[in-house]
Amino acid sequence: MRVPGTGLPESIIAAACSRSGQSVLHVDSKNYYGGNWASFSFSGLLSWIKENQKTDVSDECEDWRKLILENEEVISLNKTDKTIQYVEDFCFSNQDSAEDVEEAGALSKLPVFGAAGAEGAAQESEKECTPMESALPGAESWEPGKAAGSDPASATEGNDTEITSESGSSHNSALGESTLELGKTEAAPSETSAQEPKKITYSQIVREGRRFNIDLVSKLLFSRGLLIDLLIKSNVSRYAEFKNATRILAFREGKVEQVPCSRADVFNSRQLTMVEKRLLMKFLTFCLEYEQHPDEYQDYESSTFAQFLRTRKLTPSLQHFILHSIAMVSETDCSTLEGLQATKKFLQCLGRYGNTPFLFPLYGQGEIPQCFCRMCAVFGGIYCLRHSVQCLVVDKETGRCKAILDHFGQRISANYFVVEDSYLSESTCKNVCYRQISRAVLITDQSILKTDSEQQVSILRMPPVDVGQPAVCVIELCSSTMTCMKDTYLVHLTCPSTKTAREDLEPVVQKLFNLNTETEKETENEELEKPRVLWAVYFNMRDSSGIDRNSYDSLPSNVYVCSGPDSALGNDCAVKQAETIFQEMFPTEEFCPPPPNPEDIIYEEDELAPEDSGFNNSPETKPEPAPEEGSGRGSTTVEQEHREG
């Protein structure tokens, strides 16, 4: 099997095929893993920005057409990625001392406003996913039969559980139901809430650029979602570490506030009255078992979920919390059934690994495709980056694809081909109607909601600013997620596109953040209280999810197309697509079965003895793990030898 493209769906398929004993060649024309699912250091992102701001594309020689036989025809593939548009980056921090930057591959400084692109070449840090050391914390469940206590850990999964405080102290518990593990979330309290944030200059950001792991696509993992289940089942979870999303936020009446989600949060909340607490608990319990009470919602099946909420005697603040922060659905387009399903999914995910339904992979979302690539390689898959593919070679008689032709003119044959959508040419996709995703990434100096703990992973769903505009998903990451340097926050904004990314997202950025440069005078106290944006980038990304296979022109039956990232918060679309394609190719094989335990492997007598096989338990092969630098930021101890080289 041949797989051009290393995005998440392709990587899952490659891992599943390799695990089932298939021969897999996984290539990518880029010099990094993940495609549009990738993560970059800061200098790597500047290089990516420069690449995507280019408008001139040189015509390449097509001498490879001489290698095509008479009984063959070709399907040309794209030489350049055209899935990213309207890239705009801005710097708001001081750049006076940006000349002494020492980071390898750092680029020259950007203009203060509206960069036309950074100069120079950036070196990408090649990091590997690390096995996880600590176990996930148990937390309370939203099962209706369980008693509600004031302790956040009153009902936990697992046997040995260390109860944690609300400020995010270290978790260390063993789960009985899964082997997925989570990074410790030891939080460092801020010195004083009124303390001025440290002044961060552009040169500091560039110098500490390798502290950043900036995702092109912003997503979280539902703790009972398809991706988490697949990570556990396939044991790919050992290649990654995760951190709880610690807060669900809401924006109401011009303010950001925390939403109580778990039973303990609801009972301990000071922003809800006792009547509101009872109403909220009653409604959430109903949502968990709504299928058993169809008489309560069947009269409103044709209504929107927002209209249904108004009939439940809920206060406006509770309706806002449920609609935008728990169900996270549209106020105008979501039906009652869809809203109830979304609310139930949210509640079912609570308590498995923490006080919110979400997990975030340390070092960024780009780690997940690499984890599956590692599994594929372990079972014999071959990887080639910077290896472009010129075309698919199709047999005229059978109509099946028989080979790919690479940029060296080599013909590589296979029975099945899995191609990422961005590789297909405009002629193949002439009948495809794509959607777009608007994305923004900000580096800020403060959290959007300051608390005693600086180490918070927060998710906020901003209601539409104007009628007809989409809601915007805001995810704020702290330094303990290993995605940004100390004393900064990384903020991702995502929504379906209606215009350019800047036009879609800048109104939301202006509501939440201070966009003044340090040289501009600030007169309003409200602006002073907002977090300052130090650097920002906006871009539009193609959303190729949900496209019918028949929309592609003249696609052979043994060529399968994987989509890029979608605008949804979770990863269910990618996992479903990967499993569907795998089952179409190999209907009798199990999808990503667990790998065998080493002690269960039976060796033949004529095989090498263990001492001669190159594997031993000597101290040289098991170096001591180095202590994590800056452990106060709230991550687990990482085995450094897995990230070096």
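The model is predicted. Its salt bridges number 21, among them the pairs lysine 219–aspartate 566, glutamate 476–arginine 247 and aspartate 395–lysine 402.

**Lysine 219 and aspartate 566**
- The side chains of lysine 219 and aspartate 566 form a salt bridge with an N to O distance of 2.7 Å.
- This pair links distant parts of the chain, 347 residues apart: lysine 219 lies in the loop between β6 (214–215) and β7 (221–222), and aspartate 566 lies in the loop between β22 (559–562) and α13 (572–585).
- Lysine 219 is buried, at 1% relative accessibility, and aspartate 566 is buried at 14%.

**Glutamate 476 and arginine 247**
- A salt bridge of 3.8 Å, N to O, joins the side chains of glutamate 476 and arginine 247.
- Because glutamate 476 belongs to strand β19 (residues 472–477) and arginine 247 to strand β9 (residues 247–252), the pair ties together parts that are 229 residues apart in sequence.
- Both glutamate 476 and arginine 247 are buried.

- The side chains of aspartate 395 and lysine 402 meet in a salt bridge at 3.8 Å, N to O.
- Aspartate 395 has a relative accessible area of 14% and is therefore buried, whereas lysine 402, with 28%, is partly exposed.
- A network of salt bridges links Glu72, Asp395, Lys402 and Arg411.

**Leucine 46**
- Leucine 46 is located in helix α2 (residues 42–52) and is buried, at 1% relative accessibility.
- Leucine 46 and valine 206 are separated by 160 residues in sequence, with a C-alpha to C-alpha distance of 9.9 Å.

Note on methods. Residues numbered from 1 in each chain as written. Predicted model: local features only at pLDDT ≥ 70, side-chain atom pairs only at ≥ 80, totals over all residues. Heavy atoms only, no water. Helix = DSSP H or I, 4+ residues; strand = E, 2+ residues; numbered from the N terminus. Buried < 20%, exposed > 50% of the residue type's maximum accessible area, 1.4 Å probe, protein only. Salt bridge = Lys/Arg side-chain N within 4 Å of Asp/Glu carboxyl O.
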